[in-house]
Protein chains: 2
Amino acid sequence: MSDVQEYIGDGLERFTEEIFEFLRIPSVSAKPAHNQDTRHAAEWLRAKLKDAGLEAEVMETPGHPIVIGEWRGAGADAPTILVYGHYDVQPPEPLDLWDSSPFEPEFRDRRLYARGSADDKGQLYLHVKAAEAHLKAGGGLPVNLIILAEGEEEVGSVNLVPFVEENRNRLACDAVIISDTAMFAPGLPSLLFSLRGLAYCEIHVEGPSSDLHSGVYGGPVVNPGMALAQILATLFADEGRIAIEGFYDDVLDWDDETRDAIRDLPFDEDDFSSGVGAVLAGGERGYSVPEKLWIRPTCEVNGLLSGYTGEGAKTVLPAKAMAKVSFRLVADQSPERVYDLVRAHVAKVTPPGVTSRVEELTGGMPWRAQLSDKLKAAATSALLKAFGAAPVLAGEGGSIPIVSDFERVLGAPALLVGFSLPGANLHAPNEWFPKENIEKGIRALAYLYEELG
Amino acid sequence: MSDVQEYIGDGLERFTEEIFEFLRIPSVSAKPAHNQDTRHAAEWLRAKLKDAGLEAEVMETPGHPIVIGEWRGAGADAPTILVYGHYDVQPPEPLDLWDSSPFEPEFRDRRLYARGSADDKGQLYLHVKAAEAHLKAGGGLPVNLIILAEGEEEVGSVNLVPFVEENRNRLACDAVIISDTAMFAPGLPSLLFSLRGLAYCEIHVEGPSSDLHSGVYGGPVVNPGMALAQILATLFADEGRIAIEGFYDDVLDWDDETRDAIRDLPFDEDDFSSGVGAVLAGGERGYSVPEKLWIRPTCEVNGLLSGYTGEGAKTVLPAKAMAKVSFRLVADQSPERVYDLVRAHVAKVTPPGVTSRVEELTGGMPWRAQLSDKLKAAATSALLKAFGAAPVLAGEGGSIPIVSDFERVLGAPALLVGFSLPGANLHAPNEWFPKENIEKGIRALAYLYEELG
């Protein structure tokens with residue numbers, strides 16, 4: 001094992017350069033204008049997997065391709081591990097709020113700033129380098145390894161589940177490992193016990209057949225922008241509860257033990273508050289901040305657009321208005337059921353004089369970890385070796401919808417072990433990844449492969 | 001007089017070509033990128049006023065210039081008439097909803113389509129040609145005439161009132177005539193008895209210091225987009241009333257006679273409804289549609305912007321949200337008082353966890369006509385001659401804030417006589433002006449100058 005760890009220490013500068021190269025490719029999956037970049041990222045990754053010593057190929061889907069790297073040399077008796085990650089990134093806009101170019105990685109203040117540094121290209125690549133260390137310096141990997149990277153995580157992973165289903169024999173494994181999350185705090189690694197799910201939709205309100213002069217027509221004509229605001233305002237009730245009928249029917253009330261464990265974590269609310277620059281007045285009364293983030297559902301406006309939004313005063317009565325609205329779901333909610341409830345609610349509260357419709361965009365199931373003792377012990381030992389601290393159990397407010405799907409299709413438990421940190425500006429300007437965790441993450445994953453072997 | 005009317009008939013084709021030329025200049029006052037075009041429109045107009053036989057000059061202001069044309073040849077005993085209009089136009093966006101280019105005038109279906117055709121370049125120019133007819137074919141004008149055209153009507157006329165105040169002696173007159181409004185119906189001219197005022201503001205809501213990942217942070221952080229929707233929703237109460245405390249304190253309850261006269265007009269609600277393509281479910285209960293349009297105040301969302309509004313599902317918790325919100329005011333409201341009430345209301349209803357602020361953009365006083373019998377008789381006679389129908393008294397939902405200011409500063413009554421038609425898409429795509437009213441409008445104004453002489 002020491003050769004493997006020595007290889008990591010010796011290669012760190014090159015590994016970092018390669019991460020920079022990966023991050024320079026603007027693989028924005030949501031924007032067709034970046035389709036060539038997204039493919040370039042896939043091809044680049046395939047080549048690097050091959051250089052690391054895995055067999056690698058780019059496999060087509062109806063959307064962005066999937067990259068597979070495989071090494072089967074550990075033998076039939078050794079466990080098989082499937083690593084999942086994604087090489088696509090969120091759109092970088094608004095660009096003017098970045099302190100450095102989103103696709104020109106830069107170290108500042110012991111952080112690596114770039115779109116995708118944490119979510120997820122940077123973290124995915126740690127696995128590639130951990131595998132390389134074993135293959136080049138350890139005489140092979142202690143496990144059979146499949147690294148699967150998709151290019152559509154940020155747009156709903158629509159082609160991944162069919163792909164996994166079609167390739168379920170090839171992808172058969174004993175555990176799925178995913179590094180697309182954060183540690184609980186600097187120096188304090190964590191294993192995830194839950195992820196929230198997602199139901200993301202657009203609410204469209206339409207009124208007059210074209211934009212009207214707000215003076216000449218204002219009064220008898222119902223304003224779609226105002227109607228949209230009225231519809232959105234009905235989504236919340238008192239005490240921070242979501243006011244959609246039936247919304248909480250499937251929400252699991254966690255046991256006191258878990259809730260106590262969450263409350264016992266060294267979660268600094270003041271630090272969180274100053275980190276986001278806001279007073280934490282949101283969410284349901286009666287829950288702590290980490291509970292609101294991990295085990296309670298939310299309703300968020302992700303975008304609003306209506307009428308004239310440029311400079312100056314255009315007196316227009318807009319023909320239409322749109323809101324992007326998403327819900328974070330918790331066990332045992334499902335996006336399908338939430339969409340149904342939202343549709344029924346919006347239909348009920350739409351004022352006369354306008355019409356509304358709800359369009360589903362993307363969704364994913366919430367997830368609860370079902371770790372075997374062996375998996376938990378291996379991960380605990382590996383993280384302890386790399387970080388000098390045993391991991392805490394923590395939840396995660398974000399969604400990785402594919403986690404539940406992997407477990408369902410492949411029948412293997414998922415282990416979520418990530419190396420980002422809270423406040424990493426995922427999906428926002430100035431996304432970053434802690435510089436020291438490039439090395440510690442690669443080391444931890446190399447230890448983890450060893451422990452699982 | 002017959003020479004004057006003959007001149008109009010003979011010159012109509014040239015007059016139309018000149019209107020087209022005027023409309024081709026994209027004098028969008030709200031956009032600094034069009035500053036050169038806006039000046040070009042002013043210079044072009046000055047030249048045409050000179051060609052028509054008036055002395056003309058372009059006068060600087062801190063913003064877009066003011067064009068003045070004058071003819072004082074009627075003598076000290078003849079009345080002096082000030083014509084006011086504006087040579088600037090609204091932004092043409094959204095461009096993809098225009099059936100022809102906004103700045104390439106085109107006749108279709110007996111209509112002249114172009115930005116500014118009705119509001120107000122097309123109508124302003126009718127005065128220039130009516131004056132020309134008298135000057136070239138009538139041996140002079142029967143009145144002393146001042147034509148004043150500003151380039152900032154669509155951005156709040158901020159420099160006009162100081163200009164009028166500074167030049168009050170030069171602009172002294174017996175009446176102000178403005179053609180920037182519509183006739184009640186095709187073939188049925190009208191004199192305006194009221195205009196609504198305006199208070200236009202932006203409501204800004206700010207939450208976290210930057211956009212956040214809606215999964216990682218959603219729950220304890222208050223969403224500015226949702227908070228904005230909640231604030232906007234509080235602006236309306238039951239029965240279509242505006243729920244801002246004190247908002248109706250200054251709203252005049254019109255006498256039964258006026259309300260009956262409004263209800264007696266041949267206003268076709270079904271036609272209005274199908275014209276705008278919407279069910280008329282808005283406004284206060286207990287008022288007819290024209291009452292809602294003319295003598296009752298409104299609150300409109302003119303624009304909404306927050307978060308991610310492009311294609312796809314970006315799971316962002318936006319740092320901020322903005323609404324453009326405007327109020328149409330009626331006698332005896334004032335924009336200053338309404339701004340104060342709005343500010344107090346928004347401060348009161350802003351939820352904890354976000355901050356809000358209200359920015360004033362532009363405002364104007366509402367107006368009620370105070371026509372002398374002589375002015376009314378002259379206008380009635382002129383319109384009867386040109387259209388074969390006596391004018392009805394009608395209100396107007398839009399605002400021409402300068403009307404009250406002219407009356408106040410110059411001490412002369414304003415006569416509002418316009419030749420556009422309902423449904424002319426002012427401030428919207430496909431603005432148009434009725435083709436036949438180019439001729440009838442010029443004729444009516446030529447008769448009007450005669451009657452006032």
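What rotation superposes chain A on chain B? Please go on from there to the contact itself, and then to what surrounds it in chain A.

Analyst: Happy to! Keep in mind that this is a predicted model. A rotation of 180° superposes chain A on chain B, with 0.1 Å of shift along the axis and an RMSD of 0.1 Å. The two copies are thus related as by a two-fold rotation axis. To find that axis in the picture, look for Ala229(A): in chain A its C-alpha is the nearest to the axis, at 2.1 Å. Both copies use the same surface for the contact, as 99% of the contact residues of chain A recur in chain B.

Now for the contact itself. Chain A gives 78 residues to it, and chain B gives 78 residues. On the side of chain A that touches chain B, the helices that give two or more residues are α5 (214-217), α6 (224-233) and α9 (289-294). The strands that do so are β10 (212-213), β11 (298-307), β12 (316-317), β13 (320-329) and β14 (355-364) of chain A. Of these, β11(A) brings the largest share, with nine residues. By residue type, this side of chain A has 37 nonpolar, 32 polar and nine charged residues.

Let's move on to some pairings within chain A. Here three strands form an open sheet with mixed pairing, in the order β15-β8-β16. The edges are β15 (367-368) and β16 (392-396) of chain A, and each has a single partner strand, so one side of each is left without a neighbour in the sheet. Strand β8 (residues 190-195) of chain A pairs with β15(A) in the antiparallel sense over two bridges. Within that pairing, Leu195(A) has Trp367(A) in β15(A) as its bridge partner.

One of its partners is α1 (residues 2-23) of chain A: the two pack at an angle of about 130°, with their axes 10 Å apart. That angle makes α1(A) oblique to α13(A), and the crossing is right-handed. From α1(A), the residues in this contact include Val4(A), Ile8(A), Leu12(A) and Phe15(A), while those from α13(A) include Ile438(A), Ile442(A) and Arg443(A). The residues of this contact divide into eight nonpolar, two polar and two charged.

Another partner of α13(A) is helix α3 (residues 121-137) of chain A, packed at an angle of about 55° with the axes 8 Å apart. These helices are therefore oblique to each other as well, and their crossing is right-handed. Among the residues that meet here are Leu126(A), Ala130(A) and His134(A) in α3(A), and Gly441(A), Ile442(A) and Tyr449(A) in α13(A). This contact has seven nonpolar residues, four polar and one charged. Look out for Ile442(A) as you turn the model: this residue of α13(A) takes part in the contact with α1(A) and in the contact with α3(A).

Definitions and conventions. Residues numbered from 1 in each chain as written. Chains lettered and ligands numbered in written order. Predicted model: local features only at pLDDT ≥ 70, side-chain atom pairs only at ≥ 80, totals over all residues. Least-squares fit on C-alpha atoms with pLDDT ≥ 70 in both. Contact = placed C-beta atoms within 7 Å. Helix = DSSP H or I, 4+ residues; strand = E, 2+ residues; numbered from the N terminus. Nonpolar A, V, L, I, M, F, W, Y, C, P; charged D, E, K, R; others polar. Axes fitted to C-alpha atoms, helices over the stretch in contact; angles between N-to-C directions. Parallel < 35°, antiparallel > 145°, perpendicular 65-115°, else oblique. Left-handed = near helix turned anticlockwise from the far one by under 90°. Pairing = 2+ DSSP bridges.
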